[in-house]
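Colleague: I'm new to this one, could you walk me through it?
Modeller: Gladly, let me put it up and then ask whatever you like.

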Amino acid sequence: MTQSILVLPGDGIGPEIVAEAVRVLEVVREQDGLDYSLNEALLGGSAIDATGVPLPDETLAQAKAADAILLGAVGGPKWDALDSSIRPEKGLLGIRSQLDLFGNLRPAILYPQLAEASTLKPEVVAGLDILIVRELTGGIYFGQPRGVRTLENGERQGYNTYVYSESEIKRIARVAFESARKRGKKVCSVDKANVLEVTVLWREVVEEVAKEYPDVELSHMYVDNAAMQLVRAPKQFDVIVTGNMFGDILSDAAAMLTGSIGMLPSASLDANGKGMYEPCHGSAPDIAGQGVANPLATILSAAMMLRYSLGHTAAADKIEQAVSRVLDQGLRTADIYSEGMCKVSTKEMGDAVVAALQA
Ligand code: NAD
């Protein structure tokens, strides 16, 4: 049966980088005789411009029906002044919660070819391979009540609610322990249990779940220390599991250890393995339309999609090897460029990956 992939290019550099990933998916489909369709829909700012809302009903219906989703990125200054209820990011958060994509896997792997692109010393980051498991549909980004109110004295006050239920913590902890079993068998749970009651519960529940995984070593770390340790000695970590907001921040820091946020894919999975795949970075409005964005995170997200949701492991391996070969050839987009390398555009990078696949 034909598998269906919903493609959501989004805003900013989204359409540029997704175009390259789609070409790669078309090439491996042809080469390996795979049977999947690629259909596009609107999400984020482009959807607001066309329909008035960031997540049109039609996009949501297509997302629910698809076997997997490939997303570029959403958002940009054009829509920043809109009311928060219809901002582009609402479309992304809406699709994650409507599809119950609660488990966000963000690998931070340093390609040996890019050790020089990291701002950290090569000996600190060489061989880095960590996985951040971020809870994606709960926590302070979704908690109610939320808003901005005016107090009796006329002063405005902003407020959000940080809330996690036991079941939400349990299921993300299981994703982390299961992932650790396939890797270095270590989970570090990151919280702020010295200050926030919600994360006191987080810590307790993670410890309960850990009893089901006696072969995996569990440790705990406060988020401020975790931020420090990530830049001091990142190789101490194998799998980090944390809530939505802490994971958002720590995964960007981990991304930078690898040299560029433009290299890192991510997966957001539901309980059945259906997922949405997207680069870790945003829509990069500062470079949108210039043809200089790095498409590799999106191409690697497409490879993750083939592996985790569509079951095409060999095709996924092939794409990852093609990316590695292109880096071996010295090709670099501006974000990962260093002296002596060959600077290429978004499209040239896509061309090179396609050529490596066809070689
Ligand atoms: P960003 O990730 O878009 O950009 C941060 C920096 O990294 C910028 O200098 C950008 O040029 C660079 N960068 C990002 N991706 C790159 C790539 N592929 N190649 C080369 N350089 C790259 O984060 P931001 O500037 O904080 O946010 C910009 C917009 O993106 C905002 O509207 C934000 O809400 C949105 N955003 C969307 C997502 C998403 O769709 N998942 C995630 C984060 C931010």
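**The ligand and its surroundings**

Colleague: How does the shell around the ligand divide into nonpolar, polar and charged residues?
Modeller: Before the answer, please keep in mind that this is a predicted model. The shell residues divide into nine nonpolar, seven polar and four charged ones.

Colleague: And which residues are the closest to the ligand?
Modeller: Of the 20 residues that surround the ligand, the closest are Val74, Glu89, Gly282, Ala284 and Asp286.

Colleague: What lies 2.7 Å from an oxygen atom of the ligand?
Modeller: That is a backbone N or O atom of glycine 282, and a backbone N or O atom of serine 283 lies 3.1 Å from an oxygen atom of the ligand. With histidine 281 it is a polar side-chain atom, which lies 3.1 Å from a nitrogen atom of the ligand.

Colleague: How much of the ligand's accessible area does the protein cover?
Modeller: The ligand has 810 Å² of accessible area on its own, and the protein covers 68% of that.

Colleague: Changing topic, what is the order of the strands in the open sheet?
Modeller: The open sheet has 10 strands in the order 2-1-3-12-11-4-5-10-8-9, and the pairing is mixed. Its edge strands, each pairing on one side only, are strand 2 (36–40) and strand 9 (217–222). On average, neighbouring strands of this sheet are turned by 20° against each other, with direction ignored.

Colleague: Do strand 1 and strand 2 run parallel or antiparallel?
Modeller: Strand 1 (residues 3–10) and strand 2 run parallel and are joined by five bridges, and valine 7 stands opposite glutamate 40 in strand 2.

Colleague: Which strands does helix 3 touch?
Modeller: Helix 3 (residues 57–65) packs on the sheet and touches strand 1, strand 2 and strand 3 (68–73), with its direction making about 140° with that of strand 1. Helix 7 (residues 197–210) also packs on the sheet, where it touches strand 5 (129–135), strand 8 (186–191), strand 9 and strand 10 (239–242), and its direction makes about 170° with that of strand 9.

Colleague: One more thing, in which sense do strand 6 and strand 7 pair?
Modeller: Strand 6 (residues 147–150) and strand 7 (residues 156–159) pair in the antiparallel sense over four bridges, and arginine 149 has glutamine 157 in strand 7 as its bridge partner.

Colleague: What about glycine 154 in that hairpin?
Modeller: The hairpin has five residues between the strands, and glycine 154 takes a positive phi near 90° there.

Methods:
Residues numbered from 1 in each chain as written. Predicted model: local features only at pLDDT ≥ 70, side-chain atom pairs only at ≥ 80, totals over all residues. Heavy atoms only, no water. Near = heavy atom within 4 Å. Polar contact = N/O pair within 3.5 Å; in protein donor to acceptor, adjacent residues only side chain to side chain. Areas by Shrake-Rupley, 256 points an atom, 1.4 Å probe, with all protein chains shown as cover. Nonpolar A, V, L, I, M, F, W, Y, C, P; charged D, E, K, R; others polar. Pairing = 2+ DSSP bridges. Helix = DSSP H or I, 4+ residues; strand = E, 2+ residues; numbered from the N terminus. Axes fitted to C-alpha atoms, helices over the stretch in contact; angles between N-to-C directions. Contact = heavy atoms within 4.5 Å.
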